[in-house]
Amino acid sequence: MSATSAARVEVRPLADFVTLRVGGPAEIWHVDDVAGVREATREPFRVLGAGSNLLVADDGVAERVVRLGRGFDDGRTFGSDADVWLGAATPLPGLVRRAKEAGLSGLEGLLGIPAALGGAIAMNAGTRYGEIADVLVEVEAFVEGEVVRLPADALRFGYRTAHLPEGAVLLRARLRLTPSTPERVAAALAPVDAARAGQPKAKSAGCAFTNPPGDSAGRLIDAAGLKGVRVGDAMVSPDHANFIVNLGHATAADVDALLAEIQRRVEVPLEVEWRRWGR
Ligand code: FAD
Ligand code: EPU
């Protein structure tokens, strides 16, 4: 571990920072303020959120990996304001819980998504019950050496997509929630919870493929008889066929081979939802 004036730097396997627990080493730049972001982004870089949508190569990545730390996490200070600025490292699960306690509606569809706020915006995380774009007003981002504000519209959200400016690091986001009551928010959370009940608890990166128009990748993979199929320690989850789970020692090569096998055996073209890092 070494430290600069504004960042803490260490070389670690990215497997330690992603939910699939796969991936080789990288230089991790832990930053807690804009000065840290400025310093970390002087060389080629990637931005890490909660690592819940990433497939990282076994060789790791050559670029610096920027990880926003506590200075960008407002999980503990989030109160009862319906219109609120929150740091990009704020974990979504805590936000959803606290919004319920405060009787604020708008985040219910995001229940169970293990993202950080910045990663949720970069991927437009959501479910059929709602997505982050629904409540986003504007973001503050570090772009080409400057802190800029962008209205939500500028990010042109789609299904699991957003268009960030090239090389942007999301720093903070302004959300607009709707005053309600804890009881009503709890009632709105119930169907989302039920929809997630069949998803695996094992290590994964969520759904591997986006749903093709009008169908579900999970249904198609299941119908192709692929539940339980394994390459090494990577397995098509027996609980939900669009999840690939790591049974313990899966490598990125295992996961890649399994993705290719699924794409070969399902007749409808399937697109990988995850972001791939490294070769
Ligand atoms: P990461 O995986 O760390 O990064 C994803 C992308 O965002 C990368 O390109 C990264 O560079 C970029 N990024 C991250 N932070 C920033 C930032 N501050 N500035 C700029 N770019 C940034 N997704 C859904 O949409 N719906 C679901 O229901 C869902 N369920 C899931 C369930 C499980 C069990 C798991 C493990 C994942 C699930 N996911 C789901 C996938 C994942 O949680 C989302 O894609 C989420 O938005 C990823 O956020 P993250 O913070 O983990 O980002
Ligand atoms: N199905 C099967 N077999 C399976 C899985 C699903 O037959 O193994 C069938 C179900 O019975 C249902 C249909 O497929 O009829 C849809 O399944 P589900 O309700 O589980 O939804 P999904 O389309 O598979 C989507 C999102 C999830 C999100 C859930 C909950 C995508 C790719 N997936 O899953 O998002 O959590 O809805 O709303 O859009 C993610 O993006 O990472 C993710 C997990």
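The protein chain is assigned three domains: domain 1 (2–70), domain 2 (73–184) and domain 3 (200–277), with bounds taken from an automatic or database domain assignment. This is a predicted model, in which local features need pLDDT of at least 70, side-chain atom pairs count only at pLDDT 80 or more, and totals for chains, interfaces and linings use all residues. Residues are numbered from 1 along each chain as its sequence is written, chains are lettered from A and ligands numbered from 1 in the order in which they are written, and side-chain values use heavy atoms, with hydrogens and water left out.

Let me take the domains. The centres of domain 1 and domain 2, over C-alpha atoms, are 21 Å apart. Their contact (heavy atoms within 4.5 Å) involves 13 residues from domain 1 and 16 residues from domain 2.

I turn now to ligand 2. It is surrounded by 21 residues, each having a heavy atom within 4 Å of it. Among the closest are Tyr159, Cys207 and Asn211. At least three residues of this shell come from each of domain 2 and domain 3.

Which polar side-chain atom lies 2.8 Å from a nitrogen atom of ligand 2? That atom belongs to Asp222. A polar side-chain atom of Arg196 lies 3.5 Å from an oxygen atom of the ligand, and a polar backbone atom of Ala241 is 2.8 Å from an oxygen atom of ligand 2. Taken alone, ligand 2 exposes 830 Å², of which the protein buries 75%; these accessible areas come from the Shrake-Rupley method with a 1.4 Å probe, and for residues only the protein chains shown count as cover.

Notes:
Polar contact = N/O pair within 3.5 Å; in protein donor to acceptor, adjacent residues only side chain to side chain.
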